[in-house]
Amino acid sequence: VPETRTDYDEIADRYTRELDAAVSFAGRDHEFFTRRKAGELLHVASRLLGDPKRLDALDVGCGVGLTDRFLAGSFASLTGTDVSPGSLERAARANPEVRYELSQGGRLPFEDASFDLTFTVCVVQVVPAPERPAFVAELTRVTRPGGLVVAFEHNPLNPLTRLVVARCEFGHDARMLGPAGVRRLFEDAGLVPAESGHVLLFPSSRRRLVALERRLRRLPVGAQYYVAAHRP
Ligand SMILES: C[S@@+](CC[C@H](N)C(=O)[O-])C[C@H]1O[C@@H](n2cnc3c(N)ncnc32)[C@H](O)[C@@H]1O
């Protein structure tokens with residue numbers, strides 16, 4: 001199958017509608033999954049870096065700013081960047097307290113070592129494989145020594161996740177990779193993997209189920225997974 005590239009500018013208007021249509025069979029809307037993922041990111045960051053309120057955070061490939069909505073106010077600062085100006089416009093409208101900057105020419109528009117936490121949600125899979133090392137090198141460059149890079153991606157082993165990606169208009173450009181693939185990319189960029197785990201196993205926010213899900217995070221069953229790595 002040839003690699004295709006979604007024009008995220010063109011679909012910015014209907015991104016959330018498409019997402020909801022694709023995940024509807026799980027009985028939850030995209031907000032549920034996004035809120036849970038934002039919660040997991042904060043949980044991982046607190047454990048590996050300390051109080052999020054002291055961290056400068058960057059969302060790379062922020063799209064229309066869905067994740068940022070659940071993170072605004074949790075960090076010392078939150079910045080988002082994307083290659084799609086149309087998506088950034090929407091993100092800025094939805095999250096006026098977040099700073100948004102356009103990425104161009106394969107370079108993130110920030111100085112070296114600008115952030116404590118650099119995260120990216122469902123982006124590595126849409127970056128064409130030959131461009132992934134350069135993409136991860138940029139994540140690494142803008143992260144402070146001692147800081148953390150975290151990637152959330154779809155779990156290719158989860159059949160429901162595959163169904164969501166197949167149902168989604170913009171799923172066709174995703175070339176899913178597993179956590180071992182992300183860890184390898186991170187290590188090749190000089191990052192030191194600290195932790196990985198699977199998330200979104202139960203479509204519930206009940207505290208006991210969230211706690212159980214965290215205990216089961218090594219099992220490759222959740223809808224998505226994350227890999228967190230330190231910049232030495
Ligand atoms: C599947 S969407 C995910 C958006 C958002 N993170 C979310 O979870 O809703 C992928 C996003 O990555 C962006 N993107 C693709 N390649 C990128 C790159 N090299 N640098 C920054 N953003 C990129 C696209 O424009 C798109 O907004």
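**View 1. Six nonpolar, three polar and four charged residues make up the lining of the second largest pocket.** Here, Ala, Val, Leu, Ile, Met, Phe, Trp, Tyr, Cys and Pro count as nonpolar, Asp, Glu, Lys and Arg as charged, and the rest, Gly included, as polar. You're looking at a predicted model, where local features need pLDDT of at least 70, side-chain atom pairs need 80 or more, and totals for chains, interfaces and linings take in all residues. Numbering starts from 1 along each chain as its sequence is written, and side-chain values use heavy atoms, leaving out hydrogens and water.

The pocket holds about 180 Å³ of space. Thr16, Val64, Leu66, Arg90 and Ala94 sit closest to its centre, out of 13 lining residues. Two or more lining residues come from each of helix H2 (15-23), helix H3 (30-49), helix H4 (66-69) and helix H5 (85-94). (A pocket is an open set of points on a 1 Å grid over the protein atoms alone, where a 1.4 Å probe fits, with protein on both sides within 12 Å along at least five of seven lines; lining residues have an atom within 4 Å of a point. Points join across faces, edges and corners, and the volume is what probe spheres set on them fill. Helices, H or I, of at least four residues and strands, E, of at least two are DSSP runs numbered from the N terminus.)

View 2. Now for some polar contacts, meaning pairs of N or O atoms within 3.5 Å. A polar side-chain atom of Asp82 comes 2.6 Å from a ligand oxygen. Ligand nitrogen atoms also lie 2.8 Å from a polar backbone atom of Gly61 and 2.9 Å from one of Val121. On its own the ligand has 600 Å² of accessible area (Shrake-Rupley, 1.4 Å probe), and the protein covers 89% of that.

**View 3. The second largest cavity has a volume of about 40 Å³.** H3 gives the most, four residues. By class, the lining has three nonpolar, two polar and four charged residues.

**View 4. Arg144 and Asp56 form a salt bridge.** Their closest N and O atoms are 3.1 Å apart. Arg144 is in strand S5 (residues 143-154) and Asp56 in strand S1 (residues 56-60), so the pair ties together parts 88 residues apart in sequence. The whole structure has 11 salt bridges, each a Lys or Arg side-chain nitrogen within 4 Å of an Asp or Glu carboxyl oxygen.

Notes
Polar contact = N/O pair within 3.5 Å; in protein donor to acceptor, adjacent residues only side chain to side chain.
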